[in-house]
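Keep the structure open as you read.

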Amino acid sequence: MPDQNGASNGARELTYAEALREGLRQIMAQDERVFLIGEDVGVYGGAFGVSAGLRDEFGGERVIDTPISEAGIAGACIGSALTGMRPVGEIQFMDFITISMEQLVLQAAKIRFMFGGKATVPMVLRTPAGSGTGAAAQHSESLENWFVHVPGLKVVMPSSPYDAKGLLLSAIQDDNPVIFVEHKLLYRTKGNVPEEMYTIPLSQANVVRKGEHLTVVATSIMVRRALEAADILAQEGIEIEIIDPRTLMPLDEKPIIESVKKTGKAMVVHEAVKTGGYGGEIVSRIVESEAFGYLEAPVRRLAGLDIPIPYNRTLEVNTVPQVQSIVDEARKLVNGQY
Amino acid sequence: MQPVAVDELQKRGISTEYALELLTKMMQIRAFEEKAEELFALGRVHGTMHLSIGQEASAVGLSSALDSRDYLLNTHRGHGHCLAWYGSSPDLMMAEFMGKEAGYCRGRGGSMHIANVDTNNLGANGIVGGGLPISVGVGLTIKLRKTDQVAVAVFGDGGANTGAFHESVNMASIWKLPVIYFCENNQYAMSMAFQRAFNIEHISDRAVGYGIKGITVDGNDLLQVHDAAVEAVARARAGEGPTLIESVTYRWKGHSKSDKQAYRTRDEVKEWQEKDPIRRFSAFLGMSDAERDDMQAKARQRIEEAVTFSENSPEPDVAHIMEGVYA
């Protein structure tokens, strides 16, 4: 198996977007129940190019361009999943998922439970989140935690090309509705991706880097930034352990708790706004567990500021955690400056 | 039976036997809902419910044009459609209404969420217009599998004013999906009167805006509903896309259990009760009052059996409370 964290070792490299596309292509060729649906996913190839070429390969019936109808896209996924298909919907920007909320929260998430466990809704809704593109407040949000808060939905956030493909294939084969949150700045990042179809189980956290001084739980692009921060910190003799939950709901908490028991210190890093964010959940899991007794310092949340994403480049960069802020916060925690 | 009735039924390929079956279904729906109201008044069930008394011809007329291969997406006021649906059981319906483990949804759904996926009854819906986007997906499944099935999405005048209606009907139209949009215009979206919520005469007029066929029928006339549905089904099975049917009817009871009905007069309700779909169809069939009452009594008896069945069914076990959230 290649390096799970996408480090280059001479094996085949793909970008995150290419990895997603390869996964889609392979499963569509194998399973005729799978189809794609969303705004501009066909002729245009997807706003970020993830589905480029797939319409030519599989035809307009299986790569379906829709009108601007986000509730309709979500409903189309739900109804087809409920009747035996495996739809993969795309919401062009995660911000627009607000228009789909009723269908996702009140229908997709609850149908199985309301119907006494006698129905399944095996759908995936892919959507790009995150800032860094200068698209300002209505095209840059990270809303994953809204969905974490809704029992019945699964929430997945891949941080590398390898994970993107493996998690997407698992999500499509899962019998539950999965909100699959991609990051715009990750689409062009490269990493090792095996050509064969492989899956990464949902609800399996990944220890991305081993370390003994501080546990850093990071999601999506923050995993990548934490890895860069780790290299800098290592030069100072600080070894951080980075854990990527990969699936936010249902969470695999054990590796996090075990890590904190080892390091005695913990920090969560995510892009979404801090208040009501996923970091609060991770911190709660830590302090509710036996790891509490091992803590040697306050648990930190490094997250987006509690503001909409601003347009100006400098303001935008300073809204969400960057490599330097991770380095600074980690150093402070490890050195007892809190 | 009156000769004119024989003629009308024959024209449609409806046997006398089947006509009586349809009448029985309407009566069972009426009996079920009267019983539901009674059980609620007696404090034997909790929660809320939305009764469709007065709208029975709409539900039975629609289902009479469909068969076991087809799909149903139902509304919160959906007891009638659920009971009218192919293969439905008053016992399992009542058990669900009473929150029992034997119910269609193991007591987890209740009145507003009754489904029986095994018979393609994809569920009632607590959200007005909530089933409409889902119907697009069901239509896509049928289209991708190239079967001759039809999906019917039932909603009310309230649902016709949601954004979901616009997105869904448009998508079904551009892709020519085999979906029937069946709007039961029962005159009120809770307290909001049709005349206050629409600036058009017929909801079916909206079909033009989507490039599909629209038709308005007297929803208290079983055969009119049946005819419109048969035509829409034929169009859908032939790959000619969706139809918008407006079935004009009236709910005799309040919106839900707490409705004081300040928005309408007793006279108006009375006027519509004169158009009772059950009396109309039994009179059309040439039944005497005594014959009709006898049949209605049998329907009530059947519902009593359902209540007995439900009362003897176990309550859900709290030990299984977490089941069904994830597959």
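Keep in mind that this is a predicted model. Start with the largest nonpolar core, which has 125 residues. The members that touch the most others in this core are A:I97, A:M123, A:F147, B:L23, B:M94 and B:Y181. Its biggest contributor is helix α2 of chain B (residues 16-41), which puts in 10 residues. On the chain A side, domain 1 (13-192) and domain 2 (206-334) each supply at least three residues to this core.

Next, the place where the two chains meet. Of the area that chain A buries against chain B, 20% comes from A:T83, A:F113 and A:F115, more than from any other three residues. As for head count, 46 residues of chain A and 37 residues of chain B take part in the contact.

What about the polar side of things? Between the chains there are 14 residue pairs in polar contact, counting pairs with both residues at pLDDT 80 or more. The count of salt bridges between chain A and chain B is 1. A:E61 forms a salt bridge with B:K146, with the closest N and O atoms 3.5 Å apart. On the side of chain A that touches chain B, the elements giving two or more residues are β2 (34-38), β3 (63-65), α3 (70-82), α4 (101-108) and α5 (111-114). Of these, α3(A) gives the most, with 10 residues.

Finally, the backbone. Most peptide bonds are trans, and most residues other than glycine have a negative phi. Against that background, A:M249 and A:P250 are joined by a cis peptide bond, with omega about -5°. You'll find A:P250 in the loop between β12 (247-249) and α9 (254-263) of chain A. A:D40 is not a glycine, yet its phi is positive, about 60°. It sits in the loop between β2 and α2 (54-58) of chain A, and A:D40 is partly exposed, at 32% relative accessible area.

Definitions and conventions. Residues numbered from 1 in each chain as written. Chains lettered and ligands numbered in written order. Predicted model: local features only at pLDDT ≥ 70, side-chain atom pairs only at ≥ 80, totals over all residues. Heavy atoms only, no water. Core = buried A, V, L, I, M, F, W, Y, C linked by side-chain atoms within 4.5 Å. Buried < 20%, exposed > 50% of the residue type's maximum accessible area, 1.4 Å probe, protein only. Helix = DSSP H or I, 4+ residues; strand = E, 2+ residues; numbered from the N terminus. Domains from an automatic or database assignment. Contact = heavy atoms within 4.5 Å. Buried area = accessible area lost by both parts, 1.4 Å probe. Salt bridge = Lys/Arg side-chain N within 4 Å of Asp/Glu carboxyl O. Polar contact = N/O pair within 3.5 Å; in protein donor to acceptor, adjacent residues only side chain to side chain.
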